[in-house]
Amino acid sequence: MNEKVNGPMLTLSDLYNDDVVYTSRPSYISNPWLKPDEHQSNFLTGRELLIANRFPVIVHEASVTEKLAYLFKLVGKQIPTHIYKFNNKETYEELLQTLAHKDGKKIYFQYIHDEDILEKEYYALNKDIFVALNNKSRIPEWTNNKYLPDREIVPIEEFETRIKSWSYPFVIKPGDDLPTAGGYGVMICYNDQDLEQAKIRIKEATEATDYLIIEQKIEAVNNYCVQYAYAPDLGIKYLGTAQQLTNEYGFYNGNENVNDVPQHVIDAGKEIMEIGVSKGFFGVAGFDLLVDKNNDVFAIDLNFRQNGSTSMLLLAKDLAKGYHKFYSYFSNGDNTHFYNTIIKYIKKGVLYPLSYYDGDWYGKDKVNSRFGCIWHGSSKKEIIQHENEFIKELGL
């Protein structure tokens with residue numbers, strides 16, 4: 001594959017100054033709405049390697065082993081040279097501090113970190129702006145009070161009283177600055193049992209959360225993640241749209257490409273991006289916009305950060321024309337079989353590698369390996385068949 005002919009339509013190094021370094025890892029200090037497994041968080045650090053270009057990325061050592069290098073070689077790619085490696089909490093936090101305090105770098109964070117890890121003046125994107133734009137309770141400010149489901153923001157101590165006036169189905173979300181991901185902080189309630197489970201989650205988060213959002217559950221016909229990029233010399237650029245795949249409780253199951261996005265959805269996303277940019281945002285953002293049977297648009301989540309499917313959109317020219325699906329998989333204990341099966345499907349030309357977290361970096365089969373990828377083929381039917389065969393071979 002000739003990178004000069006294909007390659008990303010835009011890379012991250014087109015968006016940031018030379019003194020900026022990127023980290024997609026959540027902090028090792030978790031919060032009650034984002035409790036990622038340590039290995040999952042390390043795995044996330046390799047997700048943007050193929051769209052980074054010259055943009056320096058902080059990445060866990062297990063995410064850039066020879067195994068990833070070989071997978072990339074199969075599709076004519078290489079691990080970028082502009083990477084900084086870490087291997088545990090201490091080396092990660094030391095690296096952030098060294099880059100900022102000694103090397104004069106600014107850090108572009110995917111998730112905010114505590115001040116004792118790195119002071120806010122070292123954020124490439126103003127930390128207060130970043131926090132505000134990603135605060136779910138402030139979505140009305142960033143949408144010009146449009147595209148909103150019926151919603152109510154309530155103090156957490158009043159939640160149980162106020163929820164009694166709502167009818168099922170409804171959605172409960174944290175209404176403060178704590179980040180969430182993959183639907184983990186979203187509680188969809190269809191019945192009393194769901195609500196009781198949500199109350200347990202809320203009780204666990206009481207010390208860290210002041211407000212909750214209660215929101216109308218939109219019966220969506222389409223669930224879009226509409227993505228844009230902004231840099232001062234680029235302006236706002238529409239990157240494309242991915243359809244979000246979720247289960248009935250909102251948990252993330254990947255993304256697929258979509259080509260026939262209604263113009264009013266793209267326009268709604270651009271309007272939101274323009275507001276974010278006016279407040280000081282730059283970089284990549286993706287907005288979760290639902291469309292109901294009346295063709296109305298509802299903004300249910302604004303991610304002023306890169307999204308899982310960003311690479312799929314930017315690498316579209318490298319993929320087979322037709323159907324694309326972004327997803328990730330975990331080994332079930334046999335890392336060698338997992339890796340060899342991945343190779344088999346890449347060689348078939350239907351699986352495109354984005355990231356590989358090498359569990360054997362820790363010792364033979366001590367940690368399950370993880371693989372981030374894009375399925376690509378002429379049709380959804382074809383890819384579903386390949387993916388089902390892949391899953392069956394892996395025993396997942």
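I started with the lining of the largest cavity: F330, S331, N332, D334, H337, F338, L394 and L396. I note that the model is a predicted one. I sorted that lining by class and got 4 nonpolar, 3 polar and 1 charged residues. The space inside this cavity comes to about 40 Å³. How many cavities of 30 Å³ or more does the whole structure hold? My search found 1.

Next I turned to two helices. I looked at α11, residues 335-347, and α12, residues 380-394. Their axes come within 10 Å and cross at roughly 160°. Angles over 145 degrees count as roughly antiparallel, so α11 is roughly antiparallel to α12. I logged the crossing as right-handed.

Then I listed who meets whom. From α11 I have H337, F338, T341, I342, K344 and Y345. From α12 I have H386, E389, F390, E393 and L394. By class, this contact has 5 nonpolar, 3 polar and 3 charged residues. H337, F338 and L394 were already on my list for the cavity lining.

Last, I checked the backbone. Most residues other than glycine have a negative phi, and most peptide bonds are trans. Which bond is cis? The one joining Y168 and P169 is, with omega about -5°. I placed P169 in the loop between α7 (159-162) and β6 (170-174).

I also noted positive phi values. Y147 is not a glycine, yet its phi is about 60°. Y147 sits in the loop between α6 (139-142) and β5 (151-155). N295, also not a glycine, has a phi of about 70°. I found N295 in the loop between β12 (283-292) and β13 (297-303).

Methods
Residues numbered from 1 in each chain as written. Predicted model: local features only at pLDDT ≥ 70, side-chain atom pairs only at ≥ 80, totals over all residues. Heavy atoms only, no water. 1 Å grid on protein atoms, 1.4 Å probe; cavity = no way out; pocket = protein on both sides within 12 Å on 5 of 7 lines; lining within 4 Å. Points joined across faces, edges and corners; volume = space filled by probe spheres on them. Nonpolar A, V, L, I, M, F, W, Y, C, P; charged D, E, K, R; others polar. Axes fitted to C-alpha atoms, helices over the stretch in contact; angles between N-to-C directions. Helix = DSSP H or I, 4+ residues; strand = E, 2+ residues; numbered from the N terminus. Parallel < 35°, antiparallel > 145°, perpendicular 65-115°, else oblique. Left-handed = near helix turned anticlockwise from the far one by under 90°. Contact = heavy atoms within 4.5 Å.
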